[in-house]
Amino acid sequence: MAADATATNSTPYLSEPIREKIRAFIPRYPNKRAVTLPALHIVHEHFRCVPFGAMKEIAEILEIAPAEVHDTMSFYGFFPQAPIGDVRVWICRSISCMLTGGEEMLAHACKKLGVTSGQTTPDGKITLEFAECLGICDFAPAALSDDGRIFGPLTPATTDDMIEVLKQGPVADSPITPVIGRQ
Amino acid sequence: MAAFEPVLSRNWNVPDSHTLPVYESRGGYKASRKALTEMDPDKVVQVVKDSELRGRGGAGFPTGLKWSFLPKDRTQTFMCVNGDESEPATFNNRLLIERDPHQFIEGILIACFATKAATAYVYLRFEYIHAFRIMERAIADAREKGHLGKDIYGSGFDLEVYCHRGAGAYICGEETGLIESLEGKRGWPRIKPPFPAIEGAFRKPTVVNNVETLACVPHIIERGADWFKSIGTPKSYGPKLYCISGHVNKQVCVELPLGVTTNQLIEEHAGGVWKGRKAKAAVPGGISMGLLSAAEFDVPLDFEEIRKPGCLGLGTAAVTVMDETTSMVDYLYNSCRFFAHESCGQCTPCREGTGWLYKMMKRIKAGGGRLEDLDIMDNLAKNMGIMPGTTICGLADGAAWPVRNALAKFRGEIEDYIKTHQAPRYQVTPLQQAIAHGQSPVGSDTPMPDPTRRLPGPDLSTRATAHA
């Protein structure tokens, strides 16, 4: 697999289809550097992380310095260097969710999964993170998985249900209303 | 206000409201056709100027005026739509995009025509995964039907709209931070001037507008500036989407004329305070706008009146209600933690200030507060932000306002908390006391600290498991 950390120049991280996906964004912007964020998203979606070697290759495609890609990448606390789990789930801890019990749900989920916020379960299924407002405060306390599913309002019982559902892996499509909680 | 007819949210409960046929069947894209075929760009700008539409993103800057700042001799203009809605407790843009994306696209189309922008970037926060999918689909549909693309409605006007996804940074909702992020750099706000209207994205004249602002535009073109000005309060005209969350029975987003009060929102639209309790305080428009005490709940929530009780502004009109059992220490702790997490680190007063405020609140909450901390926090809050002139953008003002408002309105409660919540681990040891008084602890009758007692300071043994 190309995600091997020891990949050398002879075995590129980014396959031709991924490079093509990145290049498809270039006509949208007046300069190539603007494609940095879309390219990082494409790489992240594929590898579930952004390896250093991939950043070098993004820089080559966009004709900028690897350091510039790294500079942008590291600003957003979004792109991990090591692969995350099959599903990434954020539990909100901002004001509306905090008031309605978000912190407790986060602590409950951490305990249930045996991880701390930001960690992945040993079976590689779920990465649990806190979030600063997910913009789904109408379902507070709420959680969001990176495949687009919304969970909320959460209680200890529905948090357990959420974890069970997330263990089944990501889904391709989901409704805009919560899959667990108020419909 | 019984006669008020919602316009922005009128399609929300219609089945398949996000699809183009439904939008067109309900009178959609009429306003854009009217603007592009019957009006010239300056006329559109004039109508929006006359309507006195003010930006819905937070600052409330008049939209028409913003558009008229673009240089007359420009050759290329960019439109950036700010859909990086990250203000805690705000979710109206999400609903606008998910439930009625074509109304939004029609607004983009008219705004781009008025400002002669041939490319529009919709900056969407990453967390709006559905909104992104729906927008991509809606843009493709609109393009296919000739609402976007080349020579729209035979007017000779071309427009391409692209979605650009953020990566979870609050600061990218600041207009120049957004532009930097769009350009592929870290989202550090720029020093102004030059303002984006002169030199914005890719160093070209740029307009940055909020999603809700643009959603208002088709209705202004269709119904006229006078209709728009017939809604709301003086200097704050038009409908507004209010989000209500926190300790209420029903957390909702409702469209109302500008100038409703917090009491009306809670009682008439949110089903009252939860569990039959009384409200104690509320955040009037996103956490950075400050704090209203229950006694101030009859202040109209519009761009002007809300400043009177000391709040920063209307912000995003996202009201978070706190019931009588809520500790203001918890509220302040949450607010300070948020801003310490989201400060971009560019300006020292904000980077350090938000961190200090958070550390102090953390210590106070844990039982190590001192009364003088409150004076230090107040002083710190008064010295960070664009108002005292120490930072580039308004994030620091947003971080300072909750502290200033909470200390002005609930100082007694916070002082009581400090007095009654003193944890042993924060107590001053005799050794520290001796050093503070300039005495040598050796040979005096000041006993050395009990060796079995932990010394003050962070508890390193629990650090590995703390999630905060």
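**Figure 1. B:Lys240 in strand S8 of chain B.** In this predicted model, B:Lys240 belongs to strand S8, which covers residues 239-246 of chain B. With a relative accessible area of 1%, B:Lys240 is buried. Its side chain makes a polar contact of 2.7 Å with the side chain of B:Glu212. Beyond its neighbours within four places in sequence, B:Lys240 is in contact with a set of residues that includes B:Arg56, B:Asn92 and B:Glu212. Other members of that set are B:Val254, B:Glu255, B:Leu256 and B:Leu258, along with B:Leu314, B:Thr316 and B:Ala317.

**Figure 2. B:Lys30 in helix H2 of chain B.** Helix H2 of chain B, residues 30-38, contains B:Lys30. This lysine is exposed, with a relative accessibility of 55%. Between B:Lys30 and B:Lys280 there are 46 Å in space, taken from C-alpha to C-alpha, and the two are 250 residues apart in sequence.

Figure 3. B:Phe69 counts as partly exposed, because its relative accessibility of 43% falls between the limits of 20% and 50%.

Figure 4. Over all chains, the count of disulfides is 0. B:Cys163 is buried, at a relative accessible area of 3%. B:Cys347 is in no disulfide either, and its nearest cysteine sulfur, in B:Cys344, is 6.4 Å away. B:Cys347 also counts as buried, because its relative accessibility of 15% is under 20%.

**Figure 5. Chain A as a whole.** Chain A has 7 helices and 5 strands. Along the sequence, these elements follow the pattern α-α-α-α-β-α-α-β-β-β-α-β. Taken along the principal axes, the C-alpha atoms of chain A fill a box of roughly 50 × 35 × 25 Å. Chain A has 183 residues, and 57% of them are buried. Among contacts in chain A with a separation of 6 or more, 60% join residues 24 or more positions apart. The accessible surface of chain A is about 7400 Å², and carbon and sulfur atoms account for 56% of this area.

Definitions and conventions:
Residues numbered from 1 in each chain as written. Chains lettered and ligands numbered in written order. Predicted model: local features only at pLDDT ≥ 70, side-chain atom pairs only at ≥ 80, totals over all residues. Heavy atoms only, no water. Disulfide = S-S within 2.5 Å. Buried < 20%, exposed > 50% of the residue type's maximum accessible area, 1.4 Å probe, protein only. Helix = DSSP H or I, 4+ residues; strand = E, 2+ residues; numbered from the N terminus. Polar contact = N/O pair within 3.5 Å; in protein donor to acceptor, adjacent residues only side chain to side chain. Contact = heavy atoms within 4.5 Å. Areas by Shrake-Rupley, 256 points an atom, 1.4 Å probe, with all protein chains shown as cover.
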